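Let's take a walk through this protein together, starting with the whole and then moving on to the details. Have a look at the model first.

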Amino acid sequence: MTTDSNVQTAQEAELARLFVKTLNLEVRPEDIDCNAPLYGEGLGLDSIDMLEIALVISQQYGVKLKADDKNNIEIFNSLRSLNTYIQRHRGA
């Protein structure tokens with residue numbers, strides 16, 4: 001059985017919907033590439049967008065994202081990497 005690495009999981013789809021709603025993006029959640037960069041190229045988010053997303057993730061999932069975390073580049077690399085981080089730290 002093969003899987004398409006760009007197909008969103010249910011959790012990634014939920015996160016994509018949260019991105020679109022929070023940031024009023026003009027893209028359908030299902031069209032967000034799971035592996036595309038969130039910042040700059042790819043989805044094209046800027047630092048203010050990232051702060052908004054960090055706040056809503058904290059509220060929605062109870063996961064704290066800190067501006068000074070040395071792992072932020074990896075955490076916010078893509079929808080998939082952010083979702084992985086959330087799932088690992090949810091309720092921790």
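Among contacts between residues at least 6 apart in sequence, what percentage join residues at least 24 apart? In this predicted model, the figure is 58%. Keep that in mind as we go.

Let's begin with the overall build. The protein has 4 helices and 0 strands, so its elements simply read α-α-α-α when you start at the N terminus. Its radius of gyration is 12 Å, close to the 12 Å that the globule rule gives for 92 residues, so the protein is as compact as a globular protein of that length.

Of the 92 residues, 38% are buried. The accessible surface is about 6000 Å², and carbon and sulfur atoms account for 50% of that surface.

What about the interior? In soluble globular proteins, nonpolar side chains tend to be buried together. Here, the largest nonpolar core has 24 residues, and the ones that touch the most other members are Leu15, Ile57, Phe76 and Leu82. Helix 1, helix 2 (47-61) and helix 4 each supply at least two residues of this core. Zoom in on leucine 15: setting aside its neighbours within four places in sequence, this residue is in contact with Ile57, Tyr61, Leu79, Leu82, Asn83 and Ile86.

Charged residues are the next stop. Side chains of opposite charge can pair when their charged atoms come close. The model has 3 salt bridges. One of them joins the side chains of glutamate 12 and arginine 80, with N to O at 2.6 Å. Glutamate 12 sits in helix 1 (residues 10-23) and arginine 80 in helix 4 (residues 79-89), so this pair ties together parts that are 68 residues apart in sequence. Is glutamate 12 buried or exposed? Its relative accessibility is 3%, so glutamate 12 counts as buried.

Arginine 28 is the place to look for the other bridges. It pairs with glutamate 30, their closest N and O atoms being 3.4 Å apart, and its side chain also meets that of aspartate 31 at 2.9 Å, N to O. Through these shared partners, Arg28, Glu30 and Asp31 are joined into one network. Arginine 28 is partly exposed, at 48% relative accessibility, and aspartate 31 is partly exposed too, at 45%.

Key. Residues are numbered from 1 along each chain as its sequence is written. This is a predicted model: local features need pLDDT of at least 70, side-chain atom pairs count only at pLDDT 80 or more; totals for chains, interfaces and linings use all residues. Side-chain values use heavy atoms; hydrogens and water are left out. A salt bridge is a side-chain nitrogen of Lys or Arg within 4 Å of a carboxyl oxygen of Asp or Glu. Buried means under 20% relative accessible area, exposed over 50%, partly exposed in between (1.4 Å probe, protein chains only). A nonpolar core is a set of buried Ala, Val, Leu, Ile, Met, Phe, Trp, Tyr and Cys residues joined through side-chain atoms within 4.5 Å. Contact means heavy atoms within 4.5 Å. The radius of gyration is taken over C-alpha atoms; the globule rule is 2.2 Å times the number of residues to the power 0.38. Accessible areas come from the Shrake-Rupley method with a 1.4 Å probe; for residues, only the protein chains shown count as cover.
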